[in-house]
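Me: I am new to this structure and would like to find my way around it. Could we go through it together, one question at a time?

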Amino acid sequence: MENEADVFYRQLPKVELHAHLNGSVSSHTIEKLIDRKPHLNIEHNMTAIGKGQRRTLDECFQVFKVIHQLVDTEEDILMVATDVIREFAADSVKYLELRSTPREEKHTGLTKRRYIETVIRAIQLCKEEGLDIDVRFLVAIDRRNGPQVAMETVELAEEFLLSSNGLVVGLDLSGDPTVGDGKSLLPALERAKNCGLKLSLHLSEVPSQLEESDLLLNLPPDRIGHGTFLHPEVGGSQILVDKVLKNNIPLGKT
Ligand SMILES: CNc1ncnc2c1ncn2[C@@H]1O[C@H](COP(=O)(O)O)[C@@H](O)[C@H]1O
């Protein structure tokens, strides 16, 4: 049962600037996915982190691996994306920046291009339903996959920036922050910026990434994911904080 405060906060108009598609799947949608794929033997508690539960970053990324097993066809992506958008709309989110990493799944025939097209279709379907929410899509690079895949992802994002009627607006850099090297991804990120894609970059999510954060902040990004360790009190530096302030970059996390 919702109390008065719950209703107030649900009805309050909001913007959501940091939603990962497969990080926003509700338990209701997970149930539907599990029912579609009983052979995977996935149980509900393997797909979520309960309220108040503490998990390591590594455990969080294990959860994404399980969700990715459940979301591996065009039909799954369409259902997940429409459900996620409808649920954000029901929570009075009026502007949503949704990001997702296009995946190829050879065993289902899913390609990265179809992945992006399917998310765009979901956004269009929700618009046709008349939902009171504006959705924009950011194509995500998983930093684990290295510079070549990053560049290919930018090329795809660039195509959709031009052909999606304004729905694809940017590029997100995410993935396990302890893996890969941000510096090697700079050429891809610079290309993205030069072709007009907005940049949303996960940075300083773990300590000891001062040099990488500095390079990424020099681009500069339009959004920061997390930025947890930017501040000097937690091992960052005032120079990094000043760069965020100077460019007035919103920080967000899920
Ligand atoms: C906990 N903080 C985080 N830090 C970095 N990347 C994160 C993240 N949370 C989520 N992702 C990124 O989003 C993907 C899942 O959604 P999509 O399959 O892309 O829709 C994860 O695999 C990871 O790359």
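Me: Which helix holds Asp76, and which residues does this helix span?
Reply: Happy to start there, with the note that this is a predicted model. Asp76 belongs to a helix made of residues 74-90, and that helix is H4.

Me: Is Asp76 buried or exposed?
Reply: The relative accessibility of Asp76 is 2%. Buried means under 20%. Because 2% falls under that cut-off, Asp76 counts as buried.

Me: Which backbone nitrogen does the side chain of Asp76 reach?
Reply: Asp76 has several contacts beyond four places in sequence, with Leu33, Arg36, Lys37, Leu70 and Val71. Its side chain also reaches a backbone nitrogen at 3.1 Å, and that nitrogen belongs to Asp72.

Me: Let us move to the ligand. Which of the 16 residues around the ligand come nearest?
Reply: The shell around the ligand can be sorted by class into 3 nonpolar, 9 polar and 4 charged residues. Of the 16 residues there, the ones that come nearest are Asn22, His68, Ser100, Thr101 and Glu205.

Me: How far is an N or O atom in the side chain of His68 from an oxygen atom of the ligand?
Reply: Several residues place an N or O atom by a ligand oxygen. For His20, a polar side-chain atom lies 3.1 Å from a ligand oxygen, while Leu21 uses a backbone N or O atom at 3.5 Å. For the side chain of His68, the distance is 2.7 Å.

Me: How much of the ligand does the protein bury?
Reply: Taken alone, the ligand exposes 520 Å². With the protein around it, the buried part of that area is 96%.

Me: Which side chain makes a polar contact with the side chain of Glu212?
Reply: Glu212 lies in helix H8 and counts as buried, at 11% relative accessibility. Leaving out residues up to four places away in sequence, Glu212 touches Arg143, Asp181 and Gly182. The polar contact between side chains, at 2.9 Å, is with Arg143.

Me: Is the peptide bond from Leu219 to Pro220 cis or trans?
Reply: Pro220 sits in the loop between helix H8 (210-217) and strand S6 (223-226). Most peptide bonds are trans. The bond from Leu219 to Pro220 has an omega near -20°, and it is cis.

Me: What is phi of Ser92 near?
Reply: Ser92 is found in the loop between H4 and S2, and it is buried, with a relative accessible area of 11%. Most residues other than glycine have a negative phi. Ser92 has a positive value instead, near 65°.

Me: Is Asn248 buried or exposed?
Reply: Asn248 also has a positive phi, near 55°. You can find Asn248 in the loop between helix H9 (238-247) and strand S7 (251-252). Exposed means over 50% relative accessible area. Because its value is 66%, Asn248 counts as exposed.

Me: How far apart in space are Tyr9 and Ser92, C-alpha to C-alpha?
Reply: Tyr9 is found in helix H1 (residues 4-11) and counts as exposed, at 52% relative accessibility. Tyr9 and Ser92 are 83 residues apart in sequence, but C-alpha to C-alpha they are separated by 8.8 Å.

Me: One last topic, the cysteines. How many disulfides does the structure hold?
Reply: A disulfide is a covalent bond between the sulfur atoms of two cysteines. Cys126 counts as buried at 2% relative accessibility, whereas Cys195 is partly exposed at 24%. The number of disulfides in the structure is 0.

Technical notes:
Residues numbered from 1 in each chain as written. Predicted model: local features only at pLDDT ≥ 70, side-chain atom pairs only at ≥ 80, totals over all residues. Heavy atoms only, no water. Near = heavy atom within 4 Å. Polar contact = N/O pair within 3.5 Å; in protein donor to acceptor, adjacent residues only side chain to side chain. Areas by Shrake-Rupley, 256 points an atom, 1.4 Å probe, with all protein chains shown as cover. Nonpolar A, V, L, I, M, F, W, Y, C, P; charged D, E, K, R; others polar. Disulfide = S-S within 2.5 Å. Buried < 20%, exposed > 50% of the residue type's maximum accessible area, 1.4 Å probe, protein only. Helix = DSSP H or I, 4+ residues; strand = E, 2+ residues; numbered from the N terminus. Contact = heavy atoms within 4.5 Å.
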